[in-house]
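This report goes through side-chain pairs, ring contacts and helix packing in one model. The sequence and structure come next, followed by the text.

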Amino acid sequence: NLVFFEPIVLFNFFTMSSFIAIVYYFNVGFYKSEYITLTSFSQDIDVLFLKVTYFCLLGLVMTNLGYFIFRKKMEIHIKPESNISDFSFKIGIVLFLVLCYANFFYNVWIFAGGNVFNYLSNVSIRAYEFESSGTTIMYNFGFIAVYLYLYLCLKRNKFTFRFYSVLLSIIIIKFSMGRLLHTINFALSVFVIQYFYHYQVLRKKHYLYIGGLLGLIGLGVFMYFLRVLSSLAFNNMVNKSFFDQMTDFFKLESLFKFLIEKGNIPNIPVLMKIIDSWESDIGFYMGKSYFTWLYNVLPSTIRPVDYQTSFVIKNRWYSALLGGGSIPPTGIGEMYLNFGLFGVIFGMFFFCVLMAYTYNLLNKFNNIWYLMIYSQILVYFFAIYPKGEFDNMSLFYILPFIATYIFLLFLSKIFSKTKI
């Protein structure tokens, strides 16, 4: 009866990594964690650690309680698109890919003199490069083109070498942006769409998706290694062969450092700091952080400066930490920094009511367009919320697909009139 890609499954999967981190810190302590050593605490560390453990358990219970009360059992049947011709889909795919590839090679030209390999090898400094020039706005057309192409393949139940070539090229373009988690999530969203479109068949083959999910995790770790190697090369710090560098990186201690101590799974020390100091240092937000994602549609030039909770955490407590990235509060942390313990109990409950409602809409809007939107909200927001914050939600998971539908419908009407 398991629906592999319903929100609670991926949410619970990522939540379990919190307990992996808890067990890790229980055994090795916090002496290596910069998130502990670079700040101070008013409460005893062991007491805070115990509170975090109980809060994570409480949040897990409340999320599953809220979800399964409101989640409806249903048979999923995604209907093929009947208002738009396949020819219009093909026109849209070609046009969107041309715009995406043109944008990519423009960036390759200005940053690497036209050498794609040099451009990809400098992925660790991509964020700094884009501060001065370049743009990735047209990349979004390429991501949508993959979904459109995927739909045609699913409709015909035939996957071609050309489709896989396009998919691989777009994944590489996504990776070139330097956002590893988003790259993995993009690939995962392709699985989600395929799974639900042929749900009656694929629900009996969960082992394929378990293997695929583990494969994506492995791919993410390998891409992180490439990013680390890129950073070392940029700073002239590579003093070993590629194989020796990879061997050192994939040692168990290095993997624990990458996954746990760097905060790539829910950051337990940051959650401890929030419970210890948020009320006294900053003050409860009373729900404010739940709506910061609405700023995402505004140009960066007119958004408030560092309005995200993750940037507040970085600037207030961890400004000495190397790296320009933000520090997500974790889902439990965000609920606490808004309403304290009340937020952990009832906030996580209502968050999973939201997840259940979004999933239930698959039955009401049983079409490919809502499935595309659902896949975005699932992989970029619900699945990673145990680590993240509400700011990970975005209207860009919805509006581009509505605009694409209107555009393709317009094309389809034009071509149908032309034939007449």
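## Salt bridges

Glu6 and Arg71 are joined through their side chains by a salt bridge, with 2.8 Å from N to O. The two residues belong to distant parts of the chain, 65 residues apart: Glu6 is in the segment before helix 1 (7-28), and Arg71 is in the loop between helix 3 (45-70) and helix 4 (86-112). The model is a predicted one, in which local features need pLDDT of at least 70 and side-chain atom pairs count only at pLDDT 80 or more, while totals for chains, interfaces and linings use all residues. Residues are numbered from 1 along each chain as its sequence is written, and side-chain values use heavy atoms, with hydrogens and water left out.

A salt bridge here is a side-chain nitrogen of Lys or Arg within 4 Å of a carboxyl oxygen of Asp or Glu. By this rule the count is 5 salt bridges. Helices (H or I, at least four residues) and strands (E, at least two) are DSSP runs, numbered from the N terminus.

Accessibility is given in three classes: buried is under 20% relative accessible area, exposed is over 50%, and partly exposed is in between (1.4 Å probe, protein chains only). Glu6 has a relative accessible area of 4% and is therefore buried. Arg71 has 17%, so Arg71 is buried as well.

Asp86 takes part in two of the bridges described here, one with Lys155 and one with Arg156. The side chains of Asp86 and Lys155 meet at 2.9 Å, N to O. Asp86 lies in helix 4 and Lys155 in helix 7 (residues 139-156), so this pair ties together parts that are 69 residues apart in sequence. For Arg156 and Asp86, the closest N and O atoms are 3.8 Å apart. Arg156 also lies in helix 7, so its pair with Asp86 in helix 4 ties together parts 70 residues apart in sequence.

What is the accessibility class of Asp86? Asp86 counts as partly exposed because its relative accessibility is 22%. Lys155 is partly exposed, with a relative accessible area of 33%, and Arg156 counts as partly exposed at 45%.

Elsewhere, a network of salt bridges links Lys32, Glu253 and Glu261.

## Aromatic rings

A pair of aromatic rings is described by the distance of the centres and the angle of the planes. Rings of Phe, Tyr and Trp (its six-membered ring) pair if their centres lie within 6.5 Å; planes under 30 degrees apart count as stacked, over 60 as edge-to-face and the rest as tilted. The count by this rule is 53 aromatic pairs. One of them is Phe111 with Tyr119, a stacked pair at 6.5 Å centre to centre with 20° between the planes. Both Phe111 and Tyr119 are buried.

Phe196 and Tyr374 have ring centres 5.6 Å apart and planes at 85°, so this pair is edge-to-face. The pair links distant parts of the chain, 178 residues apart, with Phe196 in helix 9 (residues 180-197) and Tyr374 in helix 18 (residues 368-382). Phe196 and Tyr374 are both buried.

Ring pairs also link a cluster, among its members Phe11, Tyr290, Phe339 and Phe390.

| Charged residue | Ring | Distance to ring centre |
|---|---|---|
| Lys174 | Phe143 | 4.1 Å |
| Lys273 | Phe41 | 5.2 Å |

## Helix packing

Two packed helices are described by the angle between their axes and the distance between the axes. Axes are lines fitted to C-alpha atoms, for helices over the stretch in contact, and angles run from 0 to 180 degrees between N-to-C directions.

Helix 8 (residues 161-176) packs against helix 9 at an angle of about 155°, with the axes 8 Å apart. Helix 7 and helix 8 pack at about 155°, with axes 10 Å apart.

## A loop position

Ile265 is in the loop between helix 13 (252-261) and helix 14 (268-281). Its relative accessibility is 9%, so Ile265 counts as buried. The C-alpha atoms of Ile265 and Thr330 are separated by 9.1 Å, and the two residues are 65 residues apart along the chain.

Definitions and conventions: A charge sits over a ring if NZ of Lys or CZ of Arg is within 6 Å of the ring centre and within 35 degrees of the ring normal.
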